[in-house]
Amino acid sequence: MRSSLPYSVKDVHYDNAKFRQRSYFKVMTQNLLTGSRKRDYLSCSTGKFLVLLLIFGLAYLLLTSTTPGDFVPNRLDKASENNQKGEFKSNGGINFRNLWRKPPRLPPRLPPDEKGSNTSYHIDPNTLISESLWISRQQKVKDAFIHAWSGYKRYAMGHDELMPLSQQGTDGLGGLGATVVDALDTAMIMGASDIVSEAGSWVEKHLLGRIKEKGQVNLFETTIRVLGGLLSAYHLRAGEYGKTFENEGPKPAVYLETAKNLADRLLSAFTSSPTAIPLCDVVLRDSSAHAAPGGLSSTSEVSTLQLEFNYLSTISGDPKYSIAAMKVLEHMKSLPKLEGLVPIYISPDSGQFSGETIRLGSRGDSYYEYLLKVWLQKGARENHNLTYLHDMYEEAMKGVKHLLVRKSVPNGLVFVGELPYGSSEAISPKMDHLVCFLPGTLALGATKGISKEEAMKKSLLSFEDLENLNLAEDLAKTCFEMYEVTATGLAPEIVYFHTEEYSEGGHDGGNKNAKYIDDIIIKPPDRHNLLRPETVESLFVLYRITGDPKYRAWGWQIFEAFERHTKVNTGGYTSLDDVTTVPPRRRDKMETFFLGETLKYLYLLFGDNSTIPLDKYVFNTEAHPLPIETNIQK
């Protein structure tokens, strides 16, 4: 049983009362009326005389003293950080409005046990920027999205992805127009009406026909990008966002019916398998399925289907989708694990894990993400039948902290390594950029989507939750430093860390001024950048939960680097071959997740917390928001 912290809300704002300013008049009258000697003062003529003298003296001071004018401390931005001194104006007499102004309250201090910790709010004045500036920065992200879409529409409309340098499309995801569907709910959230209309109209006219005639697709990629995108578009179009786009694109039913048709075909991956573990590839036109070469499926892929299939069952009224997907997690519950951690391959034939490699990067990552998110989606504490998911998540996070978390040398960056051969051999200090989903997941698991402050007010945080939140912040810093150490300011696909046991010279990131350049190793094959979203995803979640403005500042720095080095003038953005040199060598590819995830998370990071709140939505692993079941209008 989890223990609640032995404190209440008074510990969050424990010294508000201590620092609440009171007027001179209130202090004097309180002392005069309640002091133990008031009767002695007022019982003699000398005392009365001194009281009158004091009153007249104070009146004289109020009438003749210099009165501070209105003083409003400006929030700082980069352009004005060195010119933010308050100005006071002197008046010869009294300003009676100022007499009755209530003195401002000082902000609350953190309890003593949080001072200096990684979770305290170290407010750097350079990051306290006006909300109007964040609105303008959010608009710049929207402009980037429109620029990305314009290139795709001009050169690759209907194809899966844009090749922005050669100005053509490519179909590496089955030919279902993946960018269209991945980008659709981002356009809705941003209020990009023209793109909502263009993407929605394409879905209505073309996607169902593509689904019926196309050949092989990957179950996982098609579920998270296309099915997830359709379901999110359905929800947003049918809800409050639909009022904005009432005349743009099709009615919500079009998205739902298309999603059902696609999911019916994808179900063959489950029904064709001899176990609860689905096959990894589906032939859409004849609803058949087969295993990958070698017969194995990725652990993350088979366990990252449940949010989408659960929501489809909820809105369609047909439980078959949820039943098929949830059998996977129910089956995995009974399989042997290493302190909650699992190998990255699983066999559909035997239903057993295969191999010993354990990592939270490729082929392992979203297994851990969906343990938490499916539990949240189904009502968390209100659904006692699914507590096993949360138990599996908590056990796994303990295993991560015990077996995989290490620190680099010489500067002590916290990172998550890998076990290439299970627990029998040493940990590898290798960390994929994909692992940068973990800070956001840890923070979400700690507070269940509400702010840290609110969770503390309600005494909802256990010591383990706070420990996980600390780890989330440490790992988010490491993920940001993976950008900071490179010459371009963009992270590579994979890094290694210098440790006491592992060192390799000559492979730094190219930014000689970076503090952690000696901690991070970037090998030549790993220097590419695919416009990935995982770090900005975690920055978004951590900003929502902690309120710390540094996460916005880091996100803006990353966005500016994307603008400098990946923007293609003719339209679109491109991935890079090498982030350690300037100018970087460019690849000819704009991944669908740049529009579906990266720009969406940046837009939400710079926006209002009420947009897609984390206690009412879960984001699937492709950043498509789906409502938590307790918030679905029946």
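In which sense do strand E13 and E14 pair, and over how many bridges? Strand E13 (residues 494-497) and E14 run antiparallel and share two bridges. Two strands count as paired if DSSP finds at least two bridges between them. Helices (H or I, at least four residues) and strands (E, at least two) are DSSP runs, numbered from the N terminus.

This is a predicted model, in which local features need pLDDT of at least 70, side-chain atom pairs count only at pLDDT 80 or more, and totals for chains, interfaces and linings use all residues. Residues are numbered from 1 along each chain as its sequence is written, and side-chain values use heavy atoms, with hydrogens and water left out.

Tyr496 has Ile521 in E14 as its bridge partner.

Next, the disulfide. The term means a pair of cysteine sulfur atoms within 2.5 Å. By this rule there is one. It joins Cys436 to Cys479, with an S to S distance of 2.1 Å. The link of Cys436 and Cys479 is left-handed, at -105° about the S-S bond. Cys436 sits in the loop between strand E12 (430-432) and helix H19 (438-447), while Cys479 is in helix H21 (residues 463-484), so the pair ties together parts 43 residues apart in sequence. Both Cys436 and Cys479 are buried. Buried means under 20% relative accessible area, exposed over 50%, and partly exposed in between (1.4 Å probe, protein chains only).

Glu534 touches His433, Leu434, Cys436 and Phe437, not counting residues up to four places away in sequence. Contact means heavy atoms within 4.5 Å. Glu534 lies in helix H22 (residues 534-546). Its relative accessibility is 9%, so Glu534 counts as buried.

The UniProt record (unreviewed entry) places the feature "active site" at Glu221, Asp365, Glu493 and Glu534. UniProt positions are given in the numbering used here, feature names are shortened, and annotations may be inferred rather than shown by experiment. Glu221 is in helix H10 (residues 219-238). Glu221 is partly exposed, at 22% relative accessible area. Beyond residues up to four places away in sequence, Glu221 touches Leu173 and Val226.

Last, Phe245. It occupies the loop between helix H11 (240-244) and helix H12 (252-266). Phe245 is buried, with 1% relative accessible area. Leaving aside neighbours within four places in sequence, its contacts include Ala187, Met188, Val196 and Arg237. Phe245 and Val196 are 49 residues apart in sequence, yet 7.6 Å apart in space, C-alpha to C-alpha.
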